[in-house]
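Trainee: I've got a model open and I'd like to learn how to read its helix packing. Can you walk me through it?

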Amino acid sequence: MKPLSELVRPNIWKLEPYSSARDEYSGHEAHVFLDANESPHNAPYNRYPDPLQRELKKKLGERKGVNPENIFLGNGSDEAIDLVYRCFTEPRKDNVVAIAPTYGMYKVCADVNDVEYRSVLLDDHFQMSAKALLAATNAHTKVIWMCSPNNPTGNHLQQEEIETVLRSFEGIVVLDEAYADFSSRRSFRHRLAEFPNLIVLQTFSKALASAGVRLGMAFASKEIISIFNKVKYPYNVNILTQKYASQFLDDRDTIDRNLSNILKERGLLQQALSTLPYCQKVYPSDANFFLVRVNEAQRVYDYLVEMGIIVRNRSRVQMCDNCLRITIGSRSENNELIGAMRNFK
């Protein structure tokens, strides 16, 4: 890895972050707050939230097996994705490399930040070649994006290929593990000390069943997290989200039960759809969704819409011609989908 000072945008490296009132008194006991121009009424919502979400990070660190200083929390994972561009890439100068197909926000954020986006196709088994990915880089490549389990393909990338990229590339490597909890593979967040250029993304939206609260996680070295913290907006995670997430993490039985149900339903749904005559292939999945290749995907999609059932037609995505992406729902939702697809003609 290159020194962080060579990877971070020069203006960001020199940036003096905004100092909030809550930052300045941190570490002292206080009970009268007359520093932040808040209202004295309507407690506790009259107060600004902890800008660094310390209590939540402590609890999250215990559950995830990560030191709190290695955790960044943002308004969904999309905030962390955008921060990668804002911190490490210079518009119209630098570029990033990513697998394809994959999550669309990597490219959207590249376009928003005016950064060249280079994509490298996966093979016919939706696996990447580290050699091909590295060959697409040049002296101005600051970031490589990988997603495992990948979206929309649902499969894990080969661990050896990921490790090769991490060891060979001198810039920042982002591994998006939004769906990692649906897999038995050990998360790369436990290997941050081994790979100082690694940023691992996870989220409350999938296995933690909390997409509506918009809370994303990034795990990285203390140094990278400090860069994120000085660029992010001061109070980027509101008090309601922090309180909800902290309370929800205490309910481990519900979290584990929901995850187990989704994994069971995934197998049942994949098996049921694999028997349909117009289903060419049901792809294996390590996520809470899977791809199914069908005859005339648009016709099937339109039919399901008429039945009040919404799936995702991914036919316009590279390598996903005539593929539907189906999220695992509840038992009743899945049964309704199976019944509808069995009646499709």
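Trainee: At what angle do helix α4 (residues 54-64) and helix α10 (residues 239-249) pack, and how far apart are their axes?

Mentor: First, a caution: this is a predicted model, where local features need pLDDT of at least 70, side-chain atom pairs count only at pLDDT 80 or more, and totals for chains, interfaces and linings use all residues. Residues are numbered from 1 along each chain as its sequence is written, and side-chain values use heavy atoms, with hydrogens and water left out. Now the general idea: two packed helices are described by the angle between their axes and the distance between the axes. Here α4 and α10 pack at about 30 degrees, with axes 10 Å apart. That makes α4 roughly parallel to α10 (angles under 35 degrees count as roughly parallel).

Trainee: Which residues of α4 and α10 make the contact?

Mentor: From α4 come L56, K59, L60 and R63, and from α10 come Q242, A245, S246 and L249 (contact means heavy atoms within 4.5 Å). In general, an α-helix has 3.6 residues a turn, so residues three or four places apart point the same way.

Trainee: How do α12 and α13 pack?

Mentor: Helix α12 (residues 297-306) and helix α13 (residues 331-342) are at about 125 degrees, with axes 11 Å apart. V300, Y303 and L304 of α12 meet L337, A340 and M341 of α13.

Trainee: Is α5 mostly covered or uncovered?

Mentor: Mostly covered: 10 of the 12 residues of α5 are buried (under 20% relative accessible area, 1.4 Å probe, protein chains only). Among them are I81, L83 and F88.

How values were computed: Buried means under 20% relative accessible area, exposed over 50%, partly exposed in between (1.4 Å probe, protein chains only). Helices (H or I, at least four residues) and strands (E, at least two) are DSSP runs, numbered from the N terminus. Axes are lines fitted to C-alpha atoms, for helices over the stretch in contact, and angles run from 0 to 180 degrees between N-to-C directions. Angles under 35 degrees count as roughly parallel, over 145 as roughly antiparallel, 65 to 115 as roughly perpendicular and the rest as oblique.
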